[in-house]
Amino acid sequence: MSLTQFAKVKERLRRKALELLAQVKGTDKEKDDFTFDESKLIIRELAAELNRVVQIRNVSLLTRVTEDGSCQEERQEFILQWAEELNPSPQTGQIPSGKFTRDRRNEEPLDQQGPDKEEKLKEARKALSNWAWTLKGMEQNSVCPGEDVCSVLEDLETQWKRGKLPSMLPVMDFIICSMLQEQRQEGSIAKQWFRSRVTLNHIPDSVWKWISKASEKITMDEKTANPSLLLSHDRKRVKMATIIESVYNPWDYYEMTPKMYNGWWCVLGTKGFNSGRHYWEVGVRGKAEWRIGVVRESAPRQGFFDLSPQRGYWTLRLQLGQLMAVTAPITKLNQAVPSKVGVSLDIEEGQVSFYDAAKRRHIYTFDVDFDQSEKIYPLFHTIETDRELVIL
């Protein structure tokens, strides 16, 4: 009997067992409980095989996956996503090449219970069960994830022990993401991290190194600055000038150009980008108001207007103690105000991400369809006269 035929027989027996148990239990509540138990069984089965074939330092790591308090909806959500990413061939049942089908950072919750979802869950459980049987044919410790993956897993385990990771399912998710990578490329571990559903208070070292590897030396372009702003000699610090019109009015010394801001108190970076990854950090310790981000070269600069993505602005803002992503409408962020903001611009991936660089925490990410024929510039905004905004 071939592996595929064996899997089909196993599936028929499983379905028959389901029918018999449903007849015995009878009530909808009991059926829901069984669905939960079945999902738990599939995850336990897959975790056991992954634990056997994947070389990880802590061999008990995956055995904890089904010991936590994850809810039914969370388990079903992971099962559906794993099955979609696996996308196994019905003819061969082989392990797929590992192309990811979605970026799950900003995904909406699953639909409520219904016939469509139940059918999808049934197919998803079948796909995962078949993959688990495929893994049974692999030798023990035959998959070596590499030092970078092991480093992330150790960090995840530490966070779980400290109670900062509510469920171990994201750990299994990260391992599956790692296994499904056909070829290891630069930054692949970081991309797996962001595609996974891991939410921690601290980004692992290997991921953070990948982010900061794209560091740029940024300076401010005084030719774009609002005349009310004071730039330092090295063009890395900016604050609002104290204006007393009878004594000093900076507007008296400027001839306005289309590049300058004459409404919002902004200044752009000297260097613009239309390809690649770029990262820089801005010190905002003690400041009560600021706006940091990027802007499209052709975006409007004259007067006061909505500095939103629709206008070509992607920014993070602090106003009256509230941290927010400037979207339409505004997205208020329930996070502590950072002392140092990291900005990551990825033109090819179409992302503008913000980080608490001091604590290595992700704050917010904009997904953008960049026109690579046009440059994207760093943007800085402040109205305070006593505290500078500083490019680090």
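Modeller: Arg 237 is partly exposed, with a relative accessibility of 37%; under 20% relative accessible area counts as buried, over 50% as exposed and anything in between as partly exposed, with a 1.4 Å probe and protein chains only. The model is predicted, so local features are given only at pLDDT of at least 70 and side-chain atom pairs only at pLDDT 80 or more, whereas totals for chains, interfaces and linings use all residues. Residues are numbered from 1 along each chain as its sequence is written, and side-chain values use heavy atoms, without hydrogens or water.

Arg 237 belongs to strand β2, residues 237-240. Strands (E, at least two residues) and helices (H or I, at least four) are DSSP runs, numbered from the N terminus. Setting aside neighbours within four places in sequence, Arg 237 is in contact with Met 220, Leu 230, Leu 231, Ser 232, Glu 388, Leu 389 and Val 390; contact means heavy atoms within 4.5 Å. With Glu 388, the C-alpha to C-alpha distance from Arg 237 is 6.0 Å, across 151 residues of sequence.

Gly 293 counts as buried because its relative accessibility is 0%. Not counting residues up to four places away in sequence, Gly 293 touches Trp 280, Trp 314, Thr 315, Phe 354, Tyr 377, Pro 378 and Leu 379. Its C-alpha atom is separated by 9.2 Å from that of Leu 345, 52 residues apart along the chain.

Ten aromatic pairs are found in a search of the whole structure. In Phe 78 and Trp 82 the ring centres are 5.4 Å apart and the planes stand at 40 degrees, so this pair is tilted. Rings of Phe, Tyr and Trp (its six-membered ring) pair if their centres lie within 6.5 Å; planes under 30 degrees apart are stacked, over 60 edge-to-face and the rest tilted. Both Phe 78 and Trp 82 lie in helix α3 (residues 72-86), four residues apart, or about one turn of the helix. Phe 78 and Trp 82 are both buried. The rings of Phe 354 and Phe 366 have centres 6.2 Å apart and planes at 75 degrees, so that pair is edge-to-face. Phe 354 is in strand β10 (residues 351-356) and Phe 366 in strand β11 (residues 361-367), so the pair ties together parts twelve residues apart in sequence. Phe 354 and Phe 366 are likewise buried. Trp 208, Tyr 279 and Tyr 355 form one aromatic cluster.

The largest nonpolar core has 43 residues, and Leu 46, Leu 50 and Trp 82 have the most contacts inside it. At least two residues of this core come from each of α2 (28-53), α3, α4 (115-136), α5 (147-161), α6 (169-179) and α8 (205-212). A nonpolar core is a set of buried Ala, Val, Leu, Ile, Met, Phe, Trp, Tyr and Cys residues joined through side-chain atoms within 4.5 Å. Beyond four places in sequence, the contacts of Leu 46 include Trp 82, Leu 128, Trp 131 and Ile 176. Another core, of 33 residues, lies apart from the largest one, and among its residues are Val 238, Val 343, Ile 347 and Val 368.

Helix α3 packs against α6 at an angle of about 5 degrees, with the axes 11 Å apart. This angle makes α3 roughly parallel to α6. The contact is made by Glu 74, Arg 75, Phe 78 and Trp 82 of α3 together with Leu 169, Pro 170, Met 172, Asp 173 and Ile 176 of α6. Axes are lines fitted to C-alpha atoms, for helices over the stretch in contact, and angles run from 0 to 180 degrees between N-to-C directions. Angles under 35 degrees are roughly parallel, over 145 roughly antiparallel, 65 to 115 roughly perpendicular and the rest oblique. Helix α6 is mostly covered, with eleven of its eleven residues buried.

The peptide bond from Ala 328 to Pro 329 is cis, with omega near 0 degrees, and Pro 329 is found in the loop between β7 (322-325) and β8 (331-332). Leu 320 is not a glycine, yet has a positive phi of about 55 degrees. Leu 320 is found in the loop between β6 (313-319) and β7, and counts as exposed at 83% relative accessibility.
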